[in-house]
Protein chains: 2
Amino acid sequence: MLENIDLSKEMDKNKYKQIIEKLELKLGELQRNARELKIPLIIVFEGWDAAGKGTLINNLILSLDPRGFKVYTKTEPTEEEYYRPFLWRFWNKLPSKGLMSIFDRSWYGRVIEERVDNEIKEKDWQLAYEEIKIFEKQLIDDGNLIIKFFLHIDKKEQKKRFKKLDENKATSWRVTKEDWKHNEQYDDYLTAYEEMLKKTNPSICQWNIIESTDEKFATIKVFNIFIEMLEQKINDVKNKKITTEIITLDKFDTPILSKIDLSKMLTKEEYQEEFDKCKERIRELEYKIYKKRIPVLIMYEGCDAAGKGGNIKRITKNMDPRGYEVIPIAAPNDIEKAHHYLWRFWQQLPKAGHIAIFDRTWYGRVLVERVEKFCSENDWKRSYKEINDTEAILDNSGFVIVKFWLQIDKEEQLKRFNERQNTPYKQWKITEEDWRNREKWDIYQNAIDEMIFRTNTSYAPWTIVESNSKYYARIKALKTVIDSIEKKL
Amino acid sequence: MLENIDLSKEMDKNKYKQIIEKLELKLGELQRNARELKIPLIIVFEGWDAAGKGTLINNLILSLDPRGFKVYTKTEPTEEEYYRPFLWRFWNKLPSKGLMSIFDRSWYGRVIEERVDNEIKEKDWQLAYEEIKIFEKQLIDDGNLIIKFFLHIDKKEQKKRFKKLDENKATSWRVTKEDWKHNEQYDDYLTAYEEMLKKTNPSICQWNIIESTDEKFATIKVFNIFIEMLEQKINDVKNKKITTEIITLDKFDTPILSKIDLSKMLTKEEYQEEFDKCKERIRELEYKIYKKRIPVLIMYEGCDAAGKGGNIKRITKNMDPRGYEVIPIAAPNDIEKAHHYLWRFWQQLPKAGHIAIFDRTWYGRVLVERVEKFCSENDWKRSYKEINDTEAILDNSGFVIVKFWLQIDKEEQLKRFNERQNTPYKQWKITEEDWRNREKWDIYQNAIDEMIFRTNTSYAPWTIVESNSKYYARIKALKTVIDSIEKKL
């Protein structure tokens, strides 16, 4: 594929000058339009060392309003990044709606440099292809425009450029032993790049190959493609053209919550005895997962007043606070709203060796956002797969995933609401919204059933916790956490 | 000081049980009050290894609403942190208004561990004392409540605890060679701690020494102090008691901008010639500062339509985008508003070896925020010193600091406004607000004069750029950047 490309293309200085100014103005204008329409833009530059990514990016950004973009240069992962799934650091760099992230090398490093330099196992870069496709699809479905450029030069040209840098005193330090090694490995890289282009090209997000022997030719080509794709996207948005797949799901008709036995209970004495048995173990396990660098994600969902807070407290009571974090999920703030709904959860993923407890989760998408119509029907329908895919990515990264649904019945909820209302130091726990949600009990129960049905996977199964008896619920949750971690060790 | 403390204090189990529940309820209530009043809380735990910080923090947070706090455990600085001023990573962890950050070890590591283990020079930890005082004062003046606990045990007790951990299979890995070394170095640490307590105690933010031999005694003492200080703060806020120093400044009467010569100019040819001379040099310098890990901060302020954007473009035109970033400063967003006004600028400080260009800066505090009354008079008056202190901290960390004021006269501004209004692709650059600001020309000019007068320091001097001639202005800025970096090399 790459070998048949004509790399001799060039453009003369006068023609360049004549064209470039108009293109710069045009792109500046489109950038402002995209901003008004709140289109998030992701621009990816990949390609050979010394192919001129830096220069091309600089030519590009000089025409842009600096308030609208940010350039991210790929560097060695920091410790924070190293101990998280490899896509984590790219999720963190995604643009707000209306803004632009420009990546100077990107997530494709996983299937190129890390592969060729044998930094990861074949299994991992093969998996990375799947994860990259999921990642890009999720972003495109959310309205992002992704433009990918592959800057191409041949082995001789690369060598020539290294030599030129090397001969100049001011720049010679920039050419490292590794660069020369990469030049020798040109063919290995070629294989990896060919595979990358083949594997990710027929997808929803095409590669644009830029012949980069001549800087001026390359610059104009980048501008032209950028302008064309952005114009197309802007038109689609203006014309409200639906570019995402329409999701149809099989009819759902499987009662789940109504089948469970809520009479299960423990006495205070039984609870105390069981709790004492677990408490040493949980702290030991916390240290073990730290030593083995296993990340743990515990997700809590449940009816209002089902006792999530108290339940979480019993999980953490004997833990070392350096090893766990409770992450409460409230309504999204401005910045969170300006991103993909999964963005804020990605940010909060635990470092390998640590435990994160989410008090409410991404399942809000198919519960409150569905029922209250905060997102479109197609959005929440699509999200079952998005969430399953995301949990699969975590599973690939070695996560222990525990998902709790805390269930109480309608009478028990009423009793607890009234108790909260009548106990001065508990009143803050009950709001008008809780009462409103209660009126929609049946609608919610149906949405929960469907959620459990569609997202109960082998790698991230749901645990339904019968919670009419708080004692019973706390011990069941505690034991489930212990078992899930032990299974992974 | 520490040697006279009675470490034998303890509390029996029954009394503890009797008291703790009430204290937990009380603290939970106060936390909710503080949240409503938008008081930011900073809790610091320092003290000996094995003094029980983890356990005490866990006892504390179990009584809190998890939606309100975050625990930060001090770890080795990450690469991102290592290449920035040492306070950077703590600025990043400050709570939003109404929330709480709990620090398990903190900025005091600089004057304790890093000092005793000879990781830094004496000059640096001596400076750190000054920087810490500035940091805490700035936060307190902004309405933060800082509560600092020092957990104290003696050398024998520490040894005993290490032994106990060491003898238990599940915990023995936690006791490292370094811990034993620290126990041997108990006296060196004692000296450092004594000095820390002496140097930072008479300040605005007292240390609370917690006798930690007995966990129950220590827990109750921590709760009591926490409750007392938080109650006091809540009352102060409710009663609108002014707790910050009232700033009085000498009368200001020094015309500055009216004295400069705005007729300075360059022809297009002169400009092109000068620019060509500079363009190689700027790229070379960008690489040099990268190699020497020097951080560079270039700050742009100026009249509306003075040409900041175009000026910045000429600085960056020949740079490698991997080495610099342009950071446009707009009106603060929700999250930024919920923090100290300096917070968002700290977040954006460049890594050592990189260049950050701020398009508008923290000087907004004494310009737009002053003139439009977005902050109180006492706030902006105090901020001259806060900004000078902050720039001094950057200077201590080896920053090159360049500050530009781009000045044009009133007629030139009118000409440019009209031109923007009449050129289709420039119209987006001019808003109603620009015209409104123009009506306040004299008020702004006076505020700018005072700003330059009060913040023109030896370590961060202002460069006034005569900008009626864009060519002249661009070359002056470019040369100033080059000179400032060369001076530091």
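The model is predicted: local features need pLDDT of at least 70, side-chain atom pairs count only at pLDDT 80 or more, and totals for chains, interfaces and linings use all residues. Residues are numbered from 1 along each chain as its sequence is written, while chains are lettered from A and ligands numbered from 1 in the order in which they are written.

**Stop 1: both chains**

Superpose chain A on chain B. A rotation of 180° with 0.0 Å of shift along its axis does this, at RMSD 0.0 Å (least squares on C-alpha atoms of residues with pLDDT of at least 70 in both copies). That is the relation of a two-fold axis.

**Stop 2: where the chains meet**

Select the contact between the chains: 36 residues come from chain A and 36 residues from chain B (contact means C-beta atoms, placed from the backbone, within 7 Å). Now colour the elements of chain A that give two or more residues to this side: α1 (13–36), α2 (53–61), β2 (69–73), α3 (79–82), α11 (268–292), β7 (324–328) and α13 (334–337). Helices (H or I, at least four residues) and strands (E, at least two) are DSSP runs, numbered from the N terminus. α2(A) gives the most, with 4 residues. By class, the chain A side has 17 nonpolar, 5 polar and 14 charged residues (nonpolar: Ala, Val, Leu, Ile, Met, Phe, Trp, Tyr, Cys and Pro; charged: Asp, Glu, Lys and Arg; polar: the others, Gly among them). Of the interface residues of chain A, 100% are also interface residues in chain B, so the copies meet through the same surface.

**Stop 3**

**Stop 4: the cores**

Show Leu151(A), Ile298(A) and Ile357(A). Of the 95 residues in the largest nonpolar core, these touch the most other members. Such a core is a set of buried Ala, Val, Leu, Ile, Met, Phe, Trp, Tyr and Cys residues joined through C-beta atoms within 7 Å. A residue is buried if 20 or more other C-beta atoms, placed from the backbone, lie within 10 Å of its own, exposed if 12 or fewer, and partly exposed in between. Helix α20 (470–488) of chain A gives the most to this core, with 7 residues. Domain 1 and domain 2 of chain A each supply at least three residues.

Zoom in on Ile298(A). Beyond its neighbours within four places in sequence, Ile298(A) is in contact with Ile355(A), Ile357(A), Val402(A) and Val481(A).

Note on methods: Domain bounds come from an automatic or database domain assignment. Two residues are in contact if their C-beta atoms, placed from the backbone, lie within 7 Å.
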